[in-house]
Amino acid sequence: MQPRRLLAASAFLALAACHSMNSTQSNSAVAGVGASPAPHARSASVFPYPVERHTLANGLEVRFIPMASGGLVSYWSIVRTGSRDEVEAGVTGFAHFFEHMMFRGSKRFPQFDEIVNGIGADSNAYTTDDYTAYHLGFAKEDLSTVIEVEADRFQNLDYSKDQFQTESGAVYGEYRKGRTQPFEVLFEAVQNAAFDQHTYKHTTIGFEADIQRMKEQYDYSKSFFQRFYRPENVVVVVAGDFDAKAALAKIEKEYAPWKKGYTAPAVPKEPPQTAQRRITVPFDGKTLPTLAINWKGDALKPNDKTMMAATLFGELAFGETSSIYEKLVLDEQKVEALDSGFGYNRDPGLWSVFALVKDMKDVAAVESEIWNSVANLQKVPVDAKRLNDVRSRLKYAFLSGLSTPNQVCGALAQLVAITGDLDCIEQMYATLDAVTPFDVQAAASLYLKPERSTVALLHTAGQTVPSFSTRMVTPTDRDGQVVAYQSTTFFGAFEFADPTLPSMPLPPADGLSQKPVLMPVASDPNVAFKLWFQVGSQDDAPGKEGLAALTAAMITEAGTAAREYQQILEALFPLAAGYGNSVDKEMTILSGRAHKDVADRFAELFLDAVVHPGFRESDFTRLRDQMVSGIENELRYSSDEELGKATLVQSVFAGSRYAHIDEGTVASLKALTLDDVKGFYKTNFTRDNVVVGLGGAYSKELQQKVESTLATLPAGKPTHPKTKVGGPKGLNVTLVEKPGASTAISFGCPIDLARGSREFYALWIANSWLGEHRNSVSHLYQVIREARGMNYGDYSYIEAYPNGGRRNTPPSGVGRHMQMFEVWVRPVPRENALFALRAALREVDTLAKNGLTKEQFDYQRKFLKNYCLHFAETTADRLGWALDDRFFGTEKNGGHLATFRKMMDDITLDEVNAAIKKHLQADDLYIALVTEKAEEMKAALLSGAPSPITYPDGTTQPPAQLEEDKVIQSYPLKLQPANVRILPVDQMFAGAKANG
């Protein structure tokens, strides 16, 4: 159960610790403080699947992990090279840049994207400090093709200098996009300040000056490939449903010509740090003061108790069940989010604690509290029962994340990259089982010293910072004595109720009025819970926008009648389980997931939260303040992309109950009261307004418990407004004025088309060709990013797709009776913004007028037939789509996903082009631009003057492209002055008066 603000915080921790990834214990009496924990009963193996190990003659390591997967396979190529290996000056960020180049194909397979997308594969890659991972998910019958293509590009990658220089623009666009996010700015500064010699000094994307010079490094890129992309430096991991014998024979054949030649670079060793370092980091946008304390950590040592004990610091001292979290976040509410990252790297990296502080005047006090917690770890042995709970949580968290081939490979990638194999999994958990409270104490004394730390404070540029850079805080300069860790009431690792608290009432005779959606999967390690309450943000009364979202938060992120929020966190903690909410326009989903061994215990807590919310004033204030801060600091200043998309929705649905963002407005949130929440809950969270969804390895008894408990909710079926909007007349532009070097672009219009009809699937084919989300073969992507290198990606949609930057496949739980067509152009340099807008509009216009060709149609439907298999790989995902089927009335014939595949065979080209002609056009649209110097942008839009593209100096472009550029730069923008408005960013989502 994470507050929504921790989404941004988690992004920071993913950067800080690279990519990180539970066992049953008895109900014995809790040991006293300082006592040794009871030994754990261990199975023969923690990792639940068999592993086949193979080594080719050239040194390539291959790992097969057979598992039931419904015919899906994941194929991961893990290169044990990351940004740590960039030891030469001037080429930081090259491992990441080269990852981009690997998608350019080879002479044998020059169209890599077309091939893998042609089989419907989900293909992508990522780079970290320590490794680069390339991953594909696909149907098992295509494994042979994938092996051929992957083996060839890893041996014979081929790209031109022009392609290389074009990609440099896309990478620089990715860097600029990151500069709009405060956590990326903070971490870049922290790494630079914390390290002197080691290559962890720079972030994975690299120093900006080096990124700007990448276009000049074509020859170096070839040498990089020859040095690091060698078989001895790569591990191939294949998981899923496949023929291992045939796969090995194919791998041996295709990879055999790959020659050895890897020599590990001489990564400089970081000298010992002897004094604390303190920095302030100004952020050009608006942000809460963010305090980060970062210690020099250690490399992963699976058999070292001291090092492994250190990985527990975060959960033990700074997690949601810690005393400091209870004090600063829940009770005093000085801190909006508190989190930590004590992961592992190949070399000693950084271990971090950070706090989003609500008021600058409290920063010093918050820092002192963090050092108090550190001193407590050093001087007082941790409670032995709490240590056991942490270990239980870690193991269940690990096991719960292994239900699909892609999850398995993803969970193993970092460990394989650091150690070269999977043996470390058993070693790590065996070592953790042997860790004692005194080991934790010794580790804290060794690692968490002030002289090993770099303390950073991120703040809004221009904000007064109280002498932060010269202030030195150590555990010895505080008043008072260090006291032992005092836990609030624990419910035990596997005790899900305190017998002294009121028990849940017996169910009444009446049951639920709507049939459940059930998806039993006995082989799944988890049980998925989804409760769909048929209410959403459209049901917020005027002036009370955000009420649905705040009510859902009060259920899932606050206490119950019997338990305070901290008690719930502590009860869930050893189960590695949690629950949360998703609120959209017409749907509210309360979701939870737990390992099957603890699902009954989890259900007790989850259902208690739904049926008996506590509605405490302190929880209400905390959550309301978080939502206000989310608008004022995150939405407005942390992501131009999300800001632009929210602005577009506001324009498209103006005058309807869809128009406001789900979180409401600043004014409406501040006007809400606890009685408003109680009233909304009473009206909408009823037994007649809920659909139960259960999936995975649940028992009949658990199903009965869920249904009978929810039947205790009051009766009642509320009515809901119906949204209907008309389309725009001409082009209507909203310019959100906000500082920044890039411009985010979104445009679209409402469409009246619901999932389930043949016309819907016909339009999906066309939209997929135009701009399939996060897919490099889509047309917009090819025109704007691939050919011209202007940005990081370009996509289009015919259904709601919130949080697109965090997702690879379409979300469930966003069923709506009114949709919109939307194009999302990720941020481009401001000087190229009008060219990018014109390019995107021109492509939509061309598609609307000409439709698809037979070749385009055949390729796209073949791609979608297999690609749609990735929409719902987990049971929880499939359960979400099944609830959507109930919303749309598409449960027949196996539901939407089954119908989708069938329609890819049934739909005709004529149907696709008819749907295009009916729904797509480029003349009547709403456009949202998030940009600096809005008046200049408005003048340029209205002038109608050409807007030529600016290419980086020294790059050359194909003559045909340059001729096309001349057409694009003069594409007509038929705008009237009255249809272009400018809104200052601080007025966005402020309330009705501010928005006009």
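This is a predicted model: local features need pLDDT of at least 70, side-chain atom pairs count only at pLDDT 80 or more; totals for chains, interfaces and linings use all residues.
**Aromatic pairs**

- F154 and Y229 make a tilted pair, with 5.8 Å from centre to centre and 35 degrees between the ring planes.
- Because F154 belongs to helix α4 (residues 143-156) and Y229 to the loop between α8 (218-228) and β6 (234-240), this pair ties together parts that are 75 residues apart in sequence.
- F154 and Y229 are both buried.
- W764 and F900 form an edge-to-face pair, with ring centres 5.2 Å apart and planes at 85 degrees.
- This second pair also links distant parts of the chain, since W764 sits in helix α26 (residues 758-771) and F900 in helix α31 (residues 895-906), 136 residues apart.
- Both W764 and F900 are buried.

**Charges over rings**

- R176 lies over the face of Y172, 4.7 Å from the centre of the ring.
- K645 places its charged end over the ring of W824, at 3.8 Å from the ring centre.

**Where α28 crosses α34**

- Two packed helices are described by the angle between their axes and the distance between the axes.
- For helix α28 (residues 833-850) and helix α34 (residues 959-969), the angle is about 90 degrees and the axes are 9 Å apart.
- Angles of 65 to 115 degrees count as roughly perpendicular, and α28 and α34 are therefore roughly perpendicular to each other.
- On the α28 side, the contact is made by F835, R838, A839, R842 and E843, which meet E964, D965, V967, I968 and Q969 of α34.
- Sorted by class, this contact of α28 with α34 holds four nonpolar, one polar and five charged residues.
- An α-helix has 3.6 residues a turn, so residues three or four places apart point the same way.

**An enclosed helix, α18**

- How many of the ten residues of helix α18 (residues 547-556) are buried? Ten of the ten are, so α18 is largely enclosed by the rest of the structure.
- The buried residues of α18 are L547, A548, A549, L550, T551, A552, A553, M554, I555 and T556.
- Their packing partners include the helices α19 (565-572), α20 (599-611), α21 (617-637) and α24 (674-684).
- The strands β14 (578-583) and β15 (588-595) also pack against the buried residues of α18.

- Most residues other than glycine have a negative phi, and most peptide bonds are trans.
- A576 is not a glycine, yet it has a positive phi of about 50 degrees.
- A576 is placed in the loop between α19 and β14, and with 16% relative accessibility it counts as buried.
- N893, the residue of the opening question, has a positive phi as well, near 55 degrees, and it too is a residue other than glycine.
- N893 is found in the loop between α30 (875-888) and α31.

- Y637 belongs to helix α21 and is buried, with a relative accessible area of 8%.
- Setting aside residues up to four places away in sequence, Y637 touches T180, F283, G285, K286, E632, K738, V985 and D986.
- Y637 and A299 are 338 residues apart along the chain, and their C-alpha atoms are separated by 35 Å.
- E114 lies in helix α3 (residues 112-118) and is partly exposed, with a relative accessible area of 41%.
- Beyond its neighbours within four places in sequence, E114 is in contact with V777 and Y859.
- From E114 to G536, 422 residues apart along the chain, the C-alpha atoms are separated by 40 Å.
- R277 is found in strand β7 (residues 277-283).
- Leaving aside neighbours within four places in sequence, R277 is in contact with A193, A194, F195 and D196, and also with S453, T454 and V455.
- R277 and H202 are 75 residues apart in sequence, with 17 Å between their C-alpha atoms.

Methods
Residues are numbered from 1 along each chain as its sequence is written. Side-chain values use heavy atoms; hydrogens and water are left out. Rings of Phe, Tyr and Trp (its six-membered ring) pair if their centres lie within 6.5 Å; planes under 30 degrees apart count as stacked, over 60 as edge-to-face and the rest as tilted. Helices (H or I, at least four residues) and strands (E, at least two) are DSSP runs, numbered from the N terminus. Buried means under 20% relative accessible area, exposed over 50%, partly exposed in between (1.4 Å probe, protein chains only). A charge sits over a ring if NZ of Lys or CZ of Arg is within 6 Å of the ring centre and within 35 degrees of the ring normal. Axes are lines fitted to C-alpha atoms, for helices over the stretch in contact, and angles run from 0 to 180 degrees between N-to-C directions. Angles under 35 degrees count as roughly parallel, over 145 as roughly antiparallel, 65 to 115 as roughly perpendicular and the rest as oblique. Contact means heavy atoms within 4.5 Å. Ala, Val, Leu, Ile, Met, Phe, Trp, Tyr, Cys and Pro count as nonpolar, Asp, Glu, Lys and Arg as charged, and the others, Gly among them, as polar.
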